[in-house]
Amino acid sequence: MNPTLRQMRAFVALAKTNNFTSAAASMHVTQSALSGLIKELEQTLGARVVDRSTRRIVLTDIGRELYPLFSQMIDDLDGALANVADHTQLRKGVVRIAAPQLMCCTLVPAAVAAYRSGQPDIDVRVADSPVENVIARVLSGESDFGIGPEREPAPQLEARELFEMPFSLVFPQGHPLEANARVTWQDVARYPFIALQGQFTERLLADMQALLREVPLKPANEVTFMTTALAMVSAGLGITVCLPYAEPLVQLYQLHMRPLEEPRLTRRFFVYTRAGRSLSPAAQSFIDFLFPYVEGKRSEARMMQA
């Protein structure tokens, strides 16, 4: 005994209108097609659901019992399908992003604002996190995806490269390096170097040791956040290095940023998602937007430097 959805819809429409003509019109079918669906339902149930006369129809006892049940089932199903349609057509949805604190001060807010201008109904939530916590938030399901620097491959993660950028030197106005036409890593070693704690500095020092053994790059101070490092540079307590996406914050502190040469060291950043897990339509649409947005911003920067 398995009545079909069309049979149930036909019965509910008939029960609401008490008229075959009106019910058929509400379902956009002919009166004979509607009558056929009611007969099929009665055959499936093995019982009559309506009594017909030349003037009107009357629900049977079984029909009166089934009507609120079928009506609620159809309302629940239509509500669920409408909700799915809202998500797939981006009329609603939530995007949860995890990104390092520095990126959440610079690149991410601008990207979110640009995305929201085209998708105002999507709720975008940003979790500014220590770099080491970005992937943890993705794996735990707290965030739909994360943006972070390159990490060792893991089977539970999918990584897609978002950009690769070279390190830049940051120093205050009036610093002796301001007169240099170009700056190198040897220049960094001559002044108090303010570094970040954790893997950022560890990997940087490892790269320097491998490429320039004669350059003793030893941090004079290690802090947790790049915003702290920039504030210390602004106060004249040293110099630091960062990636070009931090330029809006560097300008805010009225500092100078120059590309570092000899050697040109880079860092790659990736979008991380959980392997084997489908993203929500909203999250997928944001990722699809993010890649061309970042590339467009980089193209603008290159044109300005040319």
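Here is a short chat about the predicted model shown above.

Q: Hi! How many helices and strands are in the chain?
A: The chain has 12 helices and 13 strands. Bear in mind that this is a predicted model.

Q: What radius of gyration does the chain have, and what would a compact globule of 306 residues have?
A: The chain comes out at 32 Å, while a compact globule of 306 residues would be near 19 Å. Along the principal axes, the C-alpha atoms fill a box of roughly 100 × 35 × 30 Å.

Q: OK, and what share of the residues counts as buried?
A: Of the 306 residues, 41% are buried.

Q: Which way does strand S3 run against S5, parallel or antiparallel?
A: S3, residues 94–100, runs parallel to S5, and 2 bridges join them. Within that pairing, Ala98 has Gly146 of S5 as its bridge partner.

Q: And S13, how many bridges does S5 share with that strand?
A: There are 4 bridges, and S5 and S13 (residues 266–274) pair in the antiparallel sense. Pro149 stands opposite Phe269 of S13.

Q: Switching topic: how many positive and negative side chains are there?
A: The chain carries 31 positive and 32 negative side chains, with the centres of the two sets 6 Å apart.

Q: Last one: what share of contacts with a separation of 6 or more links residues 24 or more positions apart?
A: That share is 73% in this chain.

Terms used
Residues numbered from 1 in each chain as written. Predicted model: local features only at pLDDT ≥ 70, side-chain atom pairs only at ≥ 80, totals over all residues. Heavy atoms only, no water. Rg over C-alpha atoms; globule rule 2.2 N^0.38 Å. Buried < 20%, exposed > 50% of the residue type's maximum accessible area, 1.4 Å probe, protein only. Contact = heavy atoms within 4.5 Å. Lys, Arg positive; Asp, Glu negative; His and termini not counted. Charge placed at Lys NZ, Arg CZ, Asp CG, Glu CD. Pairing = 2+ DSSP bridges.
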